[in-house]
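Please open the model in your viewer and keep the sequence panel beside it. The tour below goes from one selection to the next and says what is there at each stop.

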Amino acid sequence: MTIKLWKGNEAIAEAAVRAGADAYFGYPITPQTELLEYLSSRMPALGRVFLQAESEIGAIHMVYGAASAGKRAFTTSSSPGISLMQEGLSYIAASEVPCVLVDIMRGGPGLGNIQPSQADYFQMTRSAGHGDYHPLVLAPATVQEAVDLMSISFDLAFLYRHLVVLLADGILGQMMEPVEMPPLRTLEDQMPGWALTGAVGRPPRNITSLYLGAEQLEGLNLRLQAKLAQIAAYEQRWESYRTDDAEQLIVAFGTVGRIARSAVDQAREQGQRVGLFRPISLWPFPAQPLAQLSRHVDSILVVEMNAGQMREDVERIVGGPVHFLGRMGGMIPTPEEIVEALPMKPKAQVHRNGSNGAAPVKRIKERSYAPSA
Amino acid sequence: MPPVLERPIENQTNNGSPVLEPVYCFPDSLRDVHTHYCPGCTHGTIHRLVAEVIDELGIRERTLMVAPVGCAVFAYEYFNLDSCEAAHGRAPAMATGLKRVLPDQIVFTYQGDGDLASIGTNEIIHAAARGEKITVIFVNNAVYGMTGGQMAPTSLPGQVTSSSPAGRNPAIQGHPIHIPEMLAGMPGVAYAVRRSVHSVAEIRKTKKAIRQAFQTQLDGLGLSIVEILSSCPTNWRMDPAGALDFIRDQMVPVFPLGDFKVIG
């Protein structure tokens with residue numbers, strides 16, 4: 001076991017290489033450019049395809065082409081670049097070719113800035129393009145977790161012939177952490193039965209997203225929905241931290257999830273029984289585990305680096321309003337800020353002041369909640 | 001009197017009837033299906049030429065086609081090849097992805113003028129700049145056919161279309177784009193020509209050019225593109241014969257036929 005210090009973006013790139021990526025097409029954009037730079041030497045050194053595209057639009061359609069040939073193709077970008085890629089993402093989802101996308105989110109809307117953000121939760125979890133689908137979205141909280149998730153992304157993409165998104169933010173892309181890399185996988189050159197390889201001794205294969213007939217297109221959509229239901233059933237990932245006796249629950253993902261972990265420890269030191277629920281798969285959202293947990297706590301605080309996008313999912317799952325702390329534009333909530341935002345204050349403080357000055361505690365466990373399917 | 005055979009009979013079967021050598025067959029690279037193309041449209045002619053060339057070069061089993069968005073959107077239904085359907089204008093990017101991971105296969109795009117010369121200019125120019133070893137069949141009928149005849153970047157000055165009812169005014173709507181001339185200056189481009197299918201003689205020249213374009217790819221020389229002037233009787237509001245005359249009399253003067261770059 002070798003543990004080395006890795007920069008987030010480069011670690012993700014190396015993890016993709018070790019997971020057997022055949023081809024990478026990308027375009028520079030901060031704060032993910034190190035991925036492109038790293039792969040520009042690493043992929044050719046292994047005899048694999050690296051190509052810097054003319055735009056994010058070009059990059060995603062090159063991925064679409066390479067993926068149509070049954071290859072492990074991927075691209076990486078950041079928020080404004082992802083907006084450009086949405087055209088291709090939708091075609092890829094409709095054509096059911098496997099594809100891996102890394103989104104190192106930055107501040108928006110518009111050109112925004114290059115600071116970390118989680119403001120593209122909606123963009124990725126809701127569809128990532130026009131039409132009726134969700135990508136499989138994985139949100140790591142550490143560089144190690146980003147590596148581990150990257151390592152399984154191609155397998156998931158090929159298993160479901162679907163779009164898998166690694167959704168991180170600028171902090172994770174830029175920070176250095178000790179990482180244990182998985183070994184370099186050698187993949188057998190197995191061509192999937194749908195791949196375009198040249199019609200040798202068999203009828204031709206077509207990869208398309210065009211279904212002019214309403215019945216045919218509904219058929220495609222029903223097939224996609226059945227696949228998504230399978231993904232929802234099998235691919236929920238989450239982490240619970242110190243939730244066994246928790247009265248207050250923090251829900252946070254990605255980078256904020258790890259900051260919230262520190263907040264949990266701080267609050268515990270102050271005598272508060274606080275726990276953390278961190279969804280790792282944002283779609284499918286781990287609804288059932290959160291719903292179960294919500295029955296045993298008195299309050300829920302959602303913390304995000306956006307205006308409350310995941311909060312909508314959490315409120316839907318627990319069946320009522322929750323507390324929320326959000327920072328935007330690249331501002332990062334501190335553990336102290338999160339502790340301060342906890343709705344229930346330490347008992348000593350309440351006794352001294354007679355009131356904790358916070359909004360009335362929401363007795364989540366008294367609410368009925370509607371667990372998602 | 002029996003008809004006089006122009007070809008010499010080399011063999012005779014046991015019953016004395018001649019064994020005829022086929023001189024005209026349905027190409028293996030086309031599927032025997034009805035197309036959706038309008039009467040008088042020359043897409044069908046161009047499909048046939050491409051298919052004959054692929055057959056003659058013996059590359060059908062290693063050829064991958066990228067279909068466009070536009071009138072040829074269903075080209076993958078008509079060609080007997082492994083194929084895919086790109087987003088509007090993105091065929092050269094998709095072809096790049098295919099060719100880079102399958103460098104031994106033959107990859108071509110089949111694109112119209114709205115697809116290639118408008119929304120897809122970024123993709124074709126950069127595929128050309130990189131010298132992607134792909135072949136581009138670029139069908140120019142001077143309108144957006146599939147959506148009902150709107151003005152295209154290739155519409156002629158003065159041409160009345162459903163979105164330029166007063167005729168294309170270059171002062172307002174700009175001048176037609178000349179794609180092979182533009183691309184010919186790029187080192188990555190090995191073959192850039194313009195042909196037409198308005199007469200039998202021009203059809204024959206077009207087939208030769210398509211053949212050379214694929215040969216250019218086989219030889220690994222760079223990007224090859226054949227622009228083909230094609231008719232659109234429906235959206236031009238003409239009969240099929242009149243549409244062919246329109247190509248000859250109106251389009252060719254604006255889009256001169258010829259070779260703009262030939263390497264190899």
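Helices (H or I, at least four residues) and strands (E, at least two) are taken here as DSSP runs, numbered from the N terminus. Residues are numbered from 1 along each chain as its sequence is written, while chains are lettered from A and ligands numbered from 1 in the order in which they are written. The model is predicted, and local features need pLDDT of at least 70, side-chain atom pairs count only at pLDDT 80 or more, and totals for chains, interfaces and linings use all residues.

Begin with Arg242(A), which you will find in the loop between β10 (238–241) and β11 (248–251) of chain A. Its phi is near 55 degrees, a positive value in a residue other than glycine. Most residues other than glycine have a negative phi, and most peptide bonds are trans.

Select Ala128(A) next, in the loop between α5 and β6 (136–138) of chain A; Ala128(A) is not a glycine either, yet has a positive phi of about 65 degrees. To describe the surroundings of such residues, a residue is called buried if 20 or more other C-beta atoms lie within 10 Å of its own, exposed if 12 or fewer, and partly exposed in between, with C-beta atoms placed from the backbone. Ala128(A) counts as buried because it has 28 C-beta neighbours inside 10 Å, whereas Arg242(A), with 16 such neighbours inside 10 Å, counts as partly exposed.

Now turn to the peptide bonds. Select Gly108(A) and Pro109(A), whose peptide bond is cis, with omega near 0 degrees; Pro109(A) lies in the loop between β5 (99–105) and α5 (121–127) of chain A. Another cis peptide bond joins Trp283(A) to Pro284(A), where omega is about 5 degrees, and Pro284(A) belongs to the loop between β13 (281–283) and α10 (287–294) of chain A.

Finally, show both chains together. Which residues of chain B touch chain A? There are 28 of them, in contact with 34 residues of chain A, where contact is defined by C-beta atoms, placed from the backbone, that lie within 7 Å. On that side of chain B, β1 (63–67), β2 (82–85), α3 (91–101) and α5 (121–129) each supply at least two residues, and α3(B) gives the largest share, eight residues.

To end, select strand β9 (residues 206–207) of chain A, which is joined to β2(B) by two bridges, the strands running parallel; two strands pair if DSSP finds at least two bridges between them. Within β2(B), Cys84(B) is the bridge partner of Ile207(A).

Notes: Two residues are in contact if their C-beta atoms, placed from the backbone, lie within 7 Å.
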